[in-house]
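Below is a short briefing on one protein, arranged by topic. Please read it alongside the sequence and the coordinates.

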Amino acid sequence: MNDPVIQTERLCRYFGNRPIVRDLDMRIPAGQVTAMLGLNGAGKTTTIRILMGLLRPTRGSATVFGEDTSQMSPATRGRIGYMVEGHFLYPSMTVQQCAKFQRAGHATWDNELFHQIVDHFGIQPNSRIAEMSRGQRAGVSLALVLAPDPELLVLDDPALGLDPVSRRALNETIVEFAGDGKRTVMLSTHLLDDVERIADRVMVLVGGRLKVDTSMDDFANRVSGFAVKIETIDRGQLAAIPGLIEARKVGDWFHLSLADCDEEATAAIQRLCGDAIEPIDMTFGDGVLAYLARERGESSFLNLDRAGAKR
Ligand SMILES: Nc1ncnc2c1ncn2[C@@H]1O[C@H](COP(=O)(O)OP(=O)(O)OP(=O)(O)O)[C@@H](O)[C@H]1O
């Protein structure tokens, strides 16, 4: 098997005495699009900043192209395109000036590619950054990052605040870039629909820990849902269900989401409610939400009916 492009081992990062990234063992294979999901504050940007050599780990290690990220050589850095959250660009520059400024720092620069991407976002090359929409600025940032033809593209929440048309342009550009399987993309995002469209792999960070790291197909096969008819379940009973991700009360039913459901798990559920079990079709979004809602700690006993009645 090929060496992973990104690898972390027991990676930890504290801010003060707060653990933000915890024991992360991550392997990002070459030639795939990997999406990192997680609630606000889960540690996605912190992880990316460590991978880009901008932040040192408190413990553990991170390598990109086999090189320790805290001592990354300029040659390795040159193989990476990194687009930061918020797409910072100098407001007074025009698009062309941005390109001229950026290409001076890169031996490889594909000007035609730069202009194709800019055009795809509906941007005129002589427009000034200060006069652009957020989506257009994202387009310029992406073009600046892709024009040097990086082998690894790292995008931190690239779709933040973009309208649907700009988002589509962004997704199409990412897919096109990764398309031939020679380049690797890692992005953090909150947009589950986009992940389904463009990602090959998904990671879910929960409270700084990696709870999911798998292919999209595997994720769909490994997360299952059941509706069980039972008045109440206590925490002890929930703890006895192996692989339980989340339990939500919906009307007279509890909806249970499970990872890697096996006979033992099914038997544990049957002990609770006999045959009053119905399988639920779980979408990708349902599966991810089960992990994320559990993290927020509000969902285990959420009764949607009651929530509705309060309004
Ligand atoms: N330099 C810093 N000093 C202290 N705390 C920090 C620092 N950088 C990040 N944090 C804290 O670490 C936590 C994780 O932040 P991070 O930006 O990694 O989350 P995230 O998963 O990217 O969130 P979002 O989805 O909102 O972008 C947050 O609580 C944040 O306030």
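Which helix gives the most to the shell around the ligand? That helix is H1 (residues 44-51), with three residues, where helices (H or I, at least four residues) and strands (E, at least two) are DSSP runs numbered from the N terminus. This is a predicted model, in which local features need pLDDT of at least 70 and side-chain atom pairs count only at pLDDT 80 or more, while totals for chains, interfaces and linings use all residues. Residues are numbered from 1 along each chain as its sequence is written.

**Ligand surroundings**
- The ligand is surrounded by Phe15, Ile20, Gly38, Asn40, Gly41, Ala42, Gly43, Lys44, Thr45, Thr46 and Asp157, a residue being near if its C-beta atom, placed from the backbone, lies within 6 Å.
- This shell divides into three nonpolar, six polar and two charged residues, with Ala, Val, Leu, Ile, Met, Phe, Trp, Tyr, Cys and Pro counted as nonpolar, Asp, Glu, Lys and Arg as charged, and the others, Gly among them, as polar.

**Domains**
- The protein is divided into domain 1 (4-219) and domain 2 (222-294), with bounds that come from an automatic or database domain assignment.
- Eleven residues of domain 1 are in contact with eight residues of domain 2, contact meaning that the C-beta atoms, placed from the backbone, lie within 7 Å.
- On the side of domain 1 that touches domain 2, the largest share, three residues, comes from S10, and the residues of that side divide into seven nonpolar, one polar and three charged.

**Overall fold**
- The protein has twelve helices and 14 strands, and its C-alpha atoms fill a box of roughly 70 × 40 × 40 Å, taken along the principal axes.

Key: Two residues are in contact if their C-beta atoms, placed from the backbone, lie within 7 Å.
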